[in-house]
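Subject: Structure handover

Hello,

Here is the structure I promised to pass on. Please open it first, then read the notes below.

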Amino acid sequence: MTAQTDTQGSVTTVYKVSGMSCGHCEGAVSGEISGIPGVASVRAVAATGEVTVVSEAPLDDAAVRAAVDEAGFELVGRA
């Protein structure tokens, strides 16, 4: 359950989010997490409940949790 550092100097982290069921859910979660400073890309998949985040540096889990809460979902943890 640790973040993986990519060769380009970015960090890829996969989070588990409960409650996503459709593309709208994916967009809401992705939009909120994208607002965190340093986030380069976000890919949410409702079918698996996984959200893959690429960032410049490891993100503060509290910031990710707050963004997911703001979107109306629950951060379960890291995948």
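First, a term for what follows: two strands pair if DSSP finds at least two bridges between them. Helices (H or I, at least four residues) and strands (E, at least two) are themselves DSSP runs, numbered from the N terminus.

Two notes on the source. This is a predicted model, where local features need pLDDT of at least 70, side-chain atom pairs count only at pLDDT 80 or more, and totals for chains, interfaces and linings use all residues. Residues are numbered from 1 along each chain as its sequence is written, and side-chain values use heavy atoms, with hydrogens and water left out.

**Overall layout**

The chain has two helices and five strands. From the N terminus, their order is β-β-α-β-β-α-β. Of the 79 residues in the chain, 38% are buried. Buried means under 20% relative accessible area, exposed means over 50%, and partly exposed is in between (1.4 Å probe, protein chains only).

**The hairpin**

Strand 3 (residues 39–45) pairs with strand 4 (residues 50–55). The sense is antiparallel, over six bridges. Together the two strands form a hairpin, with four residues between them. G49 sits in the turn and has a positive phi of about 75 degrees. V45 stands opposite E50 in strand 4.

C22 is 23 residues away from V45 in sequence, yet their C-alpha atoms are 8.5 Å apart. C22 lies in the loop between strand 2 (11–18) and helix 1. C22 counts as partly exposed because its relative accessibility is 34%.

**Charges**

How many salt bridges does a search of the whole structure find? It finds one. A salt bridge here is a side-chain nitrogen of Lys or Arg within 4 Å of a carboxyl oxygen of Asp or Glu. The pair is D61 and R78, with the closest N and O atoms 2.8 Å apart. It links distant parts of the chain: D61 is in helix 2 (residues 61–71) and R78 in strand 5 (residues 74–78), 17 residues apart. D61 has a relative accessible area of 32%, so D61 is partly exposed.

There is also a negative surface patch, formed by E32, D69, E70 and E74. Such a patch takes residues with over 30% relative accessible area and no salt bridge, and joins like charges within 9 Å. E32 belongs to helix 1 (residues 23–34). Its relative accessibility is 32%, so E32 counts as partly exposed.

Best wishes

Terms used:
Patch = residues over 30% accessible without salt bridge, like charges linked within 9 Å, V, L, I, M, F, W, Y side chains within 5 Å. Areas by Shrake-Rupley, 256 points an atom, 1.4 Å probe, with all protein chains shown as cover. Lys, Arg positive; Asp, Glu negative; His and termini not counted. Charge placed at Lys NZ, Arg CZ, Asp CG, Glu CD.
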